[in-house]
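User: Hi! I am new to reading protein structures. Could we go through this one together, with a few questions about helices and rings?

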Amino acid sequence: MSPPSAVSYNSTSNGDTKPSTAAPHEPGLSESKAKVQMPKFPGPPTFTDKYAERDYLKGRLAAAFRIFGKYGYDEGVAGHITVRDPVQPDTFWVNPFGVAFSLIKKSDLIQVDHEGNVIDGGEVRLLNAAAFMIHGAVHRARPDVLCAAHSHSIYGRAFCSLGRKLDMITQDSCSFYNDHVLYESFNGIVLAEKEGKDIAACLGDKKAALLQNHGLLTAGDTIEAAVFWFISLEKCCQAQLAADAAATARGHETVKIHDDDAAFTYKAIGTPKAGWFSAKPLFDVIEKECGGEYLQ
């Protein structure tokens, strides 16, 4: 039996019901008081100098690759993370083709324009064509997206072979409630401009896409958010694969979270600011482990 909804309802004089103003999960605590008690979270730094912002973002992008390498998201030469350049917003920075995630430094990154030309960057100026086709299309279609991440992670690609979206079965999966899509096509390695545009169109205004028979794609208004959504989505895929297998073995189905509860939870953990803040420990740890070497 499914658990009762965390959203309670009050009866009115005419018998109708309306949502209670009490904060769910906290009996006796009003919603307004709950908001007052919420701590004020920090946010990403702001810059008046676009060149200083570029330098900072390149350092964070290099750190993002170190995180992906640590989590084992590399698969040969596949996978890419991009960040829109603040000085030339119609260009983006990306990893050079063939350089291991775990070795990437800020000075290795290459700058690419929307025609696929490498216009600046490190010594290795090889561009992964699939990276350009997918990320170039996303950056063009979504001016709000600073960063996009895609890689062939194990549980992501396994789940993407099922041709379905996530079920809301855990608190963490609620981060993607009504905020992820399924791209129901696979035409081989993305080397055609149309395929990249189709992926961007399917992504729409969402933060994540499950690319059927391929892998995960996430997008964010910060590097940190895009990275955290990717890691969280990968773990949600792992959790659902395990839960579905266990439930099926017992002849049951997993218990789904009620839409009201999923929507309520999304507002707490699925926002861009929540994505940025959730990634902060990951970036702090990688800086400690690498000693800032990736900033070279």
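Predicted model: local features only at pLDDT ≥ 70, side-chain atom pairs only at ≥ 80, totals over all residues.

User: Which residues in α2 meet α8, and which residues in α8 do they meet?

Analyst: Contact here means heavy atoms within 4.5 Å. On the α2 side, that picks out Arg60, Ala63, Ala64, Arg66, Ile67 and Lys70. Their partners in α8 are Leu282, Phe283, Val285, Ile286, Glu289 and Cys290.

User: How are the axes of α2 and α8 oriented to each other, roughly parallel or roughly perpendicular?

Analyst: Two packed helices are described by the angle and the distance between their axes. For helix α2 (residues 50-70) and helix α8 (residues 272-290), the axes come within 10 Å and cross at roughly 85°. Angles of 65 to 115 degrees count as roughly perpendicular. The two helices, α2 and α8, are therefore roughly perpendicular.

User: At roughly what angle do the axes of α6 and α8 cross?

Analyst: Helix α6 covers residues 223-249, and its axis comes within 7 Å of the axis of α8. The pair counts as roughly perpendicular. The crossing angle is roughly 80°.

User: How many nonpolar residues does the contact of α6 with α8 have?

Analyst: Among the residues making this contact are Ile223, Val227 and Phe228 of α6, and Pro272, Trp276 and Leu282 of α8. Sorted by class, the contact has 2 polar and 1 charged residues. The nonpolar count is 11.

User: What kind of ring pair do Phe68 and Tyr73 form?

Analyst: A search of the whole structure finds 10 aromatic pairs. In the pair of Phe68 and Tyr73, the ring centres are 5.1 Å apart and the planes are at 90°. Planes over 60 degrees apart count as edge-to-face, so this pair is edge-to-face.

User: Is Phe277 buried, partly exposed or exposed, and which kind of pair does its ring form with Trp276?

Analyst: Trp276 is buried, at 9% relative accessible area. Phe277 has 30% relative accessibility, so Phe277 counts as partly exposed. The rings of Trp276 and Phe277 have centres 6.4 Å apart and planes at 35°, so the pair is tilted.

User: Over the ring of which residue does the charged end of Lys58 sit?

Analyst: Lysines lie over rings at two places described here: Lys207 is over the face of Trp229, at 4.2 Å from the ring centre. For Lys58, the distance from its charged end to the ring centre is 4.1 Å.

Note on methods. Residues numbered from 1 in each chain as written. Heavy atoms only, no water. Axes fitted to C-alpha atoms, helices over the stretch in contact; angles between N-to-C directions. Helix = DSSP H or I, 4+ residues; strand = E, 2+ residues; numbered from the N terminus. Parallel < 35°, antiparallel > 145°, perpendicular 65-115°, else oblique. Phe/Tyr/Trp six-rings, centres within 6.5 Å; stacked < 30°, edge-to-face > 60°. Buried < 20%, exposed > 50% of the residue type's maximum accessible area, 1.4 Å probe, protein only. Lys NZ or Arg CZ within 6 Å of the ring centre and 35° of its normal. Nonpolar A, V, L, I, M, F, W, Y, C, P; charged D, E, K, R; others polar.
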